Amino acid sequence: MSEATPPLAARQNGHAVAEPGKYLTFKLGHESYGIPVLKVREIIRLCPITLVANMPAHVKGVINLRGKVIPLVDLRTKFGLPVTLDNERTCIVVTQIASASGGARLYGIIVDGVEEVAHFTDADLEPTPDFGGAIDAQFITGMAKASAGVKMLVDLDRIWAADCAALPDPRPPQPE
Amino acid sequence: MIPAQPDVIDRVAALLQQFGLELAFVDPVSESGLAGVTMLLGQLEDSLGEADDVPQPIIMGMIAIRRWVDDRLAADGQLTADTIVRLHQWQPWMVEAVTAWSRGLAPQVVPAIWSKAVSSSVWGGAADDGPAEVPLTPSLPAVVPPPPPHQPPAPLQVKVLSAQSPAEAAEPPPAVPAAMWVASDECQDDQQVAVLPEQGDPEMLQLFCAEAHDLLHEIEQGILVLEGNPTDKPSLDALFRAFHTFKGNVGVIKLTTLQQFTHEMESLLDAARKGRLMLGRASIGLILEGADVLERYVTELAEQLAGNLPGRTIGLPIPRLISQANALLAGRTLPTAPCPTPAPPPEVQPSRADSPPPSSLVNEPPPAHPNLGSVAVGPAAAVATSPSVPRPPTKPAAATPAGVVRVDTLKLDGLIDLVGELVIAQSMVVQNPVLAAIADAHLSRSLGQLRTITSDLQKTAMALRMVPVRATFQKMSRLVRDLAVQQGKEIQLVLEGEETELDRGLVEELGDPLVHMIRNSADHGIEPPDVRAAAGKPRQGTIRLRAFHQGGFIVIEIADDGRGLDSGRILAKAIERGLVTRDENLDRRQIHDLIFAPGFSTAEKITDISGRGVGMDVVRRNIERLRGKIEIDAEPGRGTTFTIYLPLTLAIIEGVLVGVGEERFVVPTLSVRESFRPLPGMVTTVQGKGEVVSVRGRLTPLLRLGNHFRIPCRAHNPTEGIVVVIESGQDARCVFVDELIGKQEVVIKSLGDLFRNQNDFAGAAILGDGRVGLILDVNALVKLRHRGGDAAA
């Protein structure tokens, strides 16, 4: 998986460590997060979402991206942040990640507004501190100190892999 | 003389003009360009063949040029300087002759040296006989005309019709054609043939392979017809033409050995075509074997092009076949009885072992281009796969294949995806509220037009995926023939509805199950001739393979008039295998269904053909994977009929759109038995939670979709909503929804990894308004077990 996720992903003990580079930063609630800009395919307005029943709460459903059906994930729910009402700044960041079954997969993230594309150098980056169990930081690759505040850098691959693996399997898989 | 076919003359005149242009492009230095000349010549012959009043001089002229060209093709595939000179003389003469013909004037005199060339020809001069073929070992005309002061043609390097690329043409080709084969002493029967030709770019070779497969297919079909009726003129002509084209093609890629070989085959057919030779069992066997040799070569070439051990040689029994062909032509009976038995499978394994040491190859053939996978007609796909592009149903003998283009299937699928997106974008524009508010007649007309065009475009794009089942069906005739010979049975295969079109993916997937079932019919179904005769049936058994449309399905039916299924034996076997117990009370249909059970086989002896016990269960699984179903109907002593129902395409399903609350779902129409608004009293609660509906006297569990998916719904009282009865196999379930919205054809999209563990939805589809609609997994819903009080099971 790591080969397909430039420029970062030097992993230690299975945990990715943020590397310097360009990041797209966005708001989730009042907090700022960042993802490597190379993983971003495009940013689109909020569009009608089709709910998929019996899925974890943060999997909002699927949307139509110009003929492709892509899943939509709400990181606010995932991180336990309060879900603010959608406004005109709310949008969907379409990201591209390598899927376990090979090939690239698109998936959308609902954000409360994108901020900017910022370049973080080694000096800006710090490893995720140990929050002592109060916070599950397994999806954070590092923190970036920017002029406007601290940005948490998100490990999309890990979120995706966790979502795919940890989903409840209500019935034994049917033979295809 | 008034010409009867002015359009033929026009076409001939146009071709001659093109011929002149082609000649101008022939490079007198490198002496290449024979390919273009040959191609145009073939077209000329075809066009002239349609007219029945072609003046004798024109015929003579055609014979003469055909002879020159064939001589060159049979030699090194290069034009010589004096051939070029002759062609330059021939073209203006022919133009004049055709002009004279069109005006009904007296034809010109044929130049003496031409008629000399013709006089030794076997052609009796019948005008409607199409292209003339001369025997091999031609002698060049004794008198070579003095080269006229001929201006060198324009030094254009662009070869319009030539198969060689400019770059190659610029290089002087080797004076001697590449040594294609090395005869080895240790193998007297097989001739080692280098598979990759010396030159020729991979793309061209790919094209060659693809076309060769089609031609071989045609050849095989022709032979099978001839076997029943050795004098069938259309088949003879088609066969001849196929070999002829093949010869031209191998000439273009400079495979001298094969070219010579196809020439022999062609001569044999030509003799048959002209009534000089009666095709017997021996000659048909020989031609069939010849086709197999070519197929083995082409399969191997395709494999090497795909990067699989390029440079390998292959052993082909060419010398033996050529000598047999010559013997037949000379009117002798064959020294060794040729085997009209099933030809070896198109695998090259045996020949790989006896490849000569690499040193015997004069030059290492160029390695195949690594990036060719996309168009590759894979070896496994060989003749089995139909062309990737739908072809108009041309008769094998059709002279003009109406302009068929081969397209990379990836490009095709890309196009179809894009068209799908265009349709959605279009509907979003049309339904845009701002635009809808504009009351402008012009705008609404334009939007209407846009809608019409996009929907037509979509239909056309979808049709691109469709190919006739012909190729798959016809492959079966060979199979049946071989099986019949092998088992000493007399079996006739009747094909019907070969023009029925199926999704390309389906056609490819259908091959294996069909082979299996045909084998079953030939092996277990049809009895040996004596048994049949004793039972009062015709000695020859019949297997009928039919394809037709029926209510949104493609139906494929395999019916034989053999011994049918023996319910008693099936049941005994099933009990023995522990598939059912003795006390189970099964009806005939259920017993027949047992043959689809894994590991079931009633064949008493394990034959080479079928009876290994891994048969029908695989067939059924394959068919079900294609979202189809298979049914069986058998009558003891009368025969067995397998009926396969397949969806029209893999990509599109027809769905019933149902609404629950704000959400909409697609239910595949095939699975919907009926839908109705329940009357009061039809729904009964069970233990206060579950519900059953009485449908036509049967109690069927009710599933409230809203509750199941935990979405708010509008209809709570059963009489406010709609009950949709869905079925899967023998089971059914009632699904309760708010409303029926309509029927729609939808393109199925995968939901992806994230949703792979859920069993509620089979996929998703983009609906008319651009939103995603989920397709219900009917099978899972019907089989749904009790879960948290949602459903009564």
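Trainee: How many residues does helix α16 of chain B have, and what does it span?
Mentor: α16(B), residues 470-487, has 18 residues and reaches 26 Å from first C-alpha to last, close to the 26 Å expected. Expected span is 1.5 Å times one less than the number of residues. Helices are DSSP runs of H or I, at least four residues; strands are runs of E, at least two; both are numbered from the N terminus.
Trainee: Is α16(B) mostly covered or uncovered?
Mentor: Mostly covered, with 13 of its 18 residues buried. Buried takes 20 or more other C-beta atoms within 10 Å of the residue's own, placed from the backbone.
Trainee: What comes just after α16(B)?
Mentor: B:Gly488, with a positive phi of about 65°.
Trainee: What about numbering and confidence?
Mentor: It's a predicted model: local features need pLDDT of at least 70, side-chain atom pairs 80 or more, while totals for chains, interfaces and linings use all residues. Residues count from 1 along each chain as its sequence is written, with chains lettered from A and ligands numbered from 1 in written order.
Trainee: Sheets next. What order do the 5 strands of the open sheet take in chain B?
Mentor: β19-β11-β12-β21-β20, with mixed pairing. Pairing needs at least two DSSP bridges. The edge strands are β19(B) and β20(B).
Trainee: How many bridges join β20(B) to β21(B)?
Mentor: 5, and the two strands run antiparallel. B:Phe761 has B:Leu776 as its bridge partner.
Trainee: And how many residues of chain A are in contact with chain B?
Mentor: 26, against 27 of chain B; contact means C-beta atoms, placed from the backbone, within 7 Å. β6(A) gives the largest share of chain A's side, 4 residues.

Key:
Buried ≥ 20, exposed ≤ 12 C-beta atoms within 10 Å, placed from the backbone. Contact = placed C-beta atoms within 7 Å.
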